[in-house]
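Welcome, and thanks for taking a look at this one with us. Please keep the viewer open while you read the briefing.

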Amino acid sequence: MTSHMPTDSEVALAALSSLSALTPRQLRLALAKADPCTLWADLSSGSSMNLSAIGPGHQQDVAREATALDVDKLRATLTQLSIQVLATHSAGTPDHLRNDDSRPPAIFLRGDRSLLTQRMVAIVGTRRATAAGRATATELAEQLSAAGIIVVSGLALGIDTAAHRGAMSQGSTVAVVGCGLDRCYPTRHQELFDEMCKHHLVLSEWPPGIPPAPYRFPMRNRLIAALAELLIVVESDSTGGSLITAREALERGREVMAVPGSPRVATSRGTNALIRDGATPVTCVDDVIQALGITHVSAQQTSPAAGLHENSIEIVHLLKSEALTLGQIVDRLSLPIGETVIVMSELVQRKIITETNGWFELAGSMLVSGGEL
């Protein structure tokens, strides 16, 4: 990714976006009347010629904050991090975002801006994802990317990260974050964040210097819904950010799809409820491909069950419903513990199941195309 030198207009727009006394609605209305440089000049000079959208009662507060802002420092930050600033009413904004009633007045970008012009599908889900859920998100993202679709998600733990990494292995991905682009949240994703800024795209409605805050993540979710033409929820409990994103997508007329799961697993409660309420179930990648109207031939994959002993298959079917300990598996299947340990070791070695703190769960994708057991 080549470096980006911000224009005066970008710096002015970033400065305007940094003023807490200026609401997004006021800034959108002001930008409809004048360009960012003109608006910033008016604030600096005390003129109210193009600031009627702010209202006379707030102009003084906004002007006072503008005077205190260190524009040179802001310009240096934008330059150092190659942050691009785009007014959302401009021609460079995707139509579905430009026409969105709740769009932010500006978005900040690090990475390949051309990705905004391509078709996008959002993949979201819980931070507390199962191994099977993460594998499912990865597989969906891989195959959608291979079909030329940009995968957008929120860079959160769990499903989001799996979706980004799956997309990166085959194509491109976009992350929408809930803070300024001068920091990474969560911090453990710094390496992933840096790679995405270099080779993919990270996007925020918040200027540099803005930290993550709880209320900013629902706002991030509505931006994910606005960017994508279709939303897939892989795993979600009965409440959480994924369901907020689904609601935002539905309000915009986007199709919502969900991966069904066992009713005994907490992370399937939200997805199963979405399906009950009318969301399209995702049982294989082709369900999504067809919803997008793309001609696609499924790749044939070898079932991970090939060559497994009968007891292994029974254990896998048992773990489809919930995570279990070794003792619970022995009790439910009435198998000798020595034989069960051998079978479980083979399943772990073949990466069909995984073990965390004594609990075993499926490690493979929940999708049909991933190979049925």
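The model is predicted, so local features are described where pLDDT is at least 70. It holds ten salt bridges, and a few of them are picked out below.

**Salt bridges across the chain**

- Arginine 75 and aspartate 8 meet through their side chains in a salt bridge, with 3.1 Å from N to O. This pair links distant parts of the chain, since arginine 75 sits in helix α5 (residues 71-80) and aspartate 8 in helix α1 (residues 8-17), 67 residues apart.
- Arginine 75 has a relative accessibility of 30%, so it counts as partly exposed.
- A second salt bridge joins glutamate 229 to arginine 119, and their closest N and O atoms are 2.8 Å apart. Glutamate 229 is in the loop between α10 (216-227) and β7 (230-233), while arginine 119 is in the loop between β2 (106-111) and β3 (120-124), so the pair ties together parts 110 residues apart in sequence.
- Both partners are partly exposed: glutamate 229 has a relative accessibility of 31%, and arginine 119 has a relative accessible area of 34%.
- Aspartate 237 and arginine 269 form another salt bridge, at 3.5 Å from N to O. Here the loop between β7 and α11 (241-251), which carries aspartate 237, is tied to helix α12 (residues 269-276), which carries arginine 269; the two parts are 32 residues apart in sequence.
- Aspartate 237 is partly exposed, with a relative accessible area of 23%, and arginine 269 is also partly exposed, at 46% relative accessibility.
- Asp100, Glu248 and Arg252 belong to one network, joined by salt bridges that share partners.

**Helices α14 and α15**

- How do these two helices pack?
- From α14, the residues Glu314, Ile315, Leu318 and Leu319 meet Ile329, Arg332 and Leu333 of α15. Sorted by class, this contact has five nonpolar, no polar and two charged residues.

- A helix has 3.6 residues a turn, so residues three or four places apart point the same way.
- Glycine 253 follows α11 and has a positive phi, near 75°.

**Cysteine 179**

- Is cysteine 179 buried or exposed? Its relative accessible area is 2%, so cysteine 179 is buried.
- Leaving aside neighbours within four places in sequence, cysteine 179 is in contact with Tyr185, Ser204, Trp206, Ile210, Pro211 and Pro212.
- Isoleucine 224 is 45 residues from cysteine 179 along the chain, and their C-alpha atoms are separated by 14 Å.

Note on methods:
Residues numbered from 1 in each chain as written. Predicted model: local features only at pLDDT ≥ 70, side-chain atom pairs only at ≥ 80, totals over all residues. Heavy atoms only, no water. Salt bridge = Lys/Arg side-chain N within 4 Å of Asp/Glu carboxyl O. Helix = DSSP H or I, 4+ residues; strand = E, 2+ residues; numbered from the N terminus. Buried < 20%, exposed > 50% of the residue type's maximum accessible area, 1.4 Å probe, protein only. Contact = heavy atoms within 4.5 Å. Nonpolar A, V, L, I, M, F, W, Y, C, P; charged D, E, K, R; others polar.
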